[in-house]
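Please read this note with the model open beside you, and follow each point along the chain as you go.

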Amino acid sequence: MNVKPLSDRVLILPDAAEEKTAGGLIIPDTAKEKPLAGTVVAAGPGTKDVTMEVKVGDHVLYGKYAGTELRIDGTDYLIMKQQDILAVI
């Protein structure tokens with residue numbers, strides 16, 4: 001993959017959605033919730049006003065509707081501004 005986010009944007013690989021409940025019930029695709037956590041795979045350099053606080057490899061939490069979905073080489077990613085990230089875990 002050869003994607004380099006610009007400015008204060010980050011590229012995130014979302015965690016996989018849960019396939020089963022704790023009780024063992026299988027969740028159908030239409031009922032699965034979008035994951036709210038993922039791993040940073042690329043980060044921009046920041047701007048003169050915004051210092052990048054996340055780095056490649058950080059596991060982060062982000063808002064439910066944050067980012068734009070991308071498909072690169074058959075893998076789904078999210079690209080979003082650093083300010084849409086809620087926490088590093």
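Which residue in β6 does Tyr 62 stand opposite? Tyr 62 stands opposite Ile 85, and the points below place that pair within the rest of the chain.

1. What kind of model this is. This is a predicted model, in which local features need pLDDT of at least 70 and side-chain atom pairs count only at pLDDT 80 or more, while totals for chains, interfaces and linings use all residues. Residues are numbered from 1 along each chain as its sequence is written, and side-chain values use heavy atoms, with hydrogens and water left out.

2. The overall pattern. The protein chain has zero helices and six strands, where helices (H or I, at least four residues) and strands (E, at least two) are DSSP runs numbered from the N terminus. Read along the sequence, this gives the pattern β-β-β-β-β-β. Contact means heavy atoms within 4.5 Å, and of the contacts with a separation of 6 or more, 63% are between residues 24 or more positions apart.

3. Strand β3 and its two partners. Two strands are said to pair if DSSP finds at least two bridges between them. Strand β2 (residues 37-43) is joined to β3 by three bridges and the two run antiparallel, with Thr 39 standing opposite His 59. Strand β6 (residues 85-88) also pairs with β3 in the antiparallel sense, over three bridges, and it is here that Tyr 62 faces Ile 85.

4. The two faces of β3. In this strand, which spans residues 59-62, Val 60 and Tyr 62 form the covered face, whereas His 59 and Leu 61 form the uncovered one.

5. Strand β1 and its partners. Strand β1 (residues 9-14) is connected to β2 by five bridges in an antiparallel arrangement, and Ile 12 stands opposite Val 40 there. Four bridges join β1 to strand β5 (residues 75-81), again antiparallel; in β5, Met 80 is opposite Val 10 and Ile 79 is opposite Leu 11.

6. The hairpin of β4 and β5. Five bridges join strand β4 (residues 68-72) to β5, and these strands run antiparallel, with Tyr 77 as the bridge partner of Leu 70. The hairpin has two residues between the strands, and Asp 73 takes a positive phi near 55° in it.

7. Asp 8 lies in the segment before β1. A salt bridge is a side-chain nitrogen of Lys or Arg within 4 Å of a carboxyl oxygen of Asp or Glu, and buried means under 20% relative accessible area, exposed over 50%, and partly exposed in between (1.4 Å probe, protein chains only). Leaving aside neighbours within four places in sequence, Asp 8 is in contact with several residues, including Gly 46, Val 50, Met 80 and Lys 81.

8. The salt bridges. The count comes to two by this rule. In one of them, the side chains of Asp 58 and Lys 55 meet at 3.3 Å, N to O; Asp 58 counts as buried because its relative accessibility is 10%, whereas Lys 55, at 54%, counts as exposed. In the other, the side chains of Asp 76 and Arg 71 meet at 3.1 Å, N to O, with Asp 76 partly exposed at 42% relative accessibility and Arg 71 exposed at 60%.

9. The surface. Buried residues make up 29% of the 89 residues in the protein chain. The chain exposes about 6100 Å², of which carbon and sulfur atoms supply 53%; accessible areas come from the Shrake-Rupley method with a 1.4 Å probe, and for residues only the protein chains shown count as cover.

10. A nonpolar patch. Patches are made of residues with over 30% relative accessible area and no salt bridge, with like charges joined within 9 Å and nonpolar side chains (Val, Leu, Ile, Met, Phe, Trp, Tyr) within 5 Å. Leu 61, Leu 86 and Ile 89 form such a nonpolar patch on the surface, with about 300 Å² of accessible area together. Leu 61, found in strand β3, is partly exposed because its relative accessible area is 32%.
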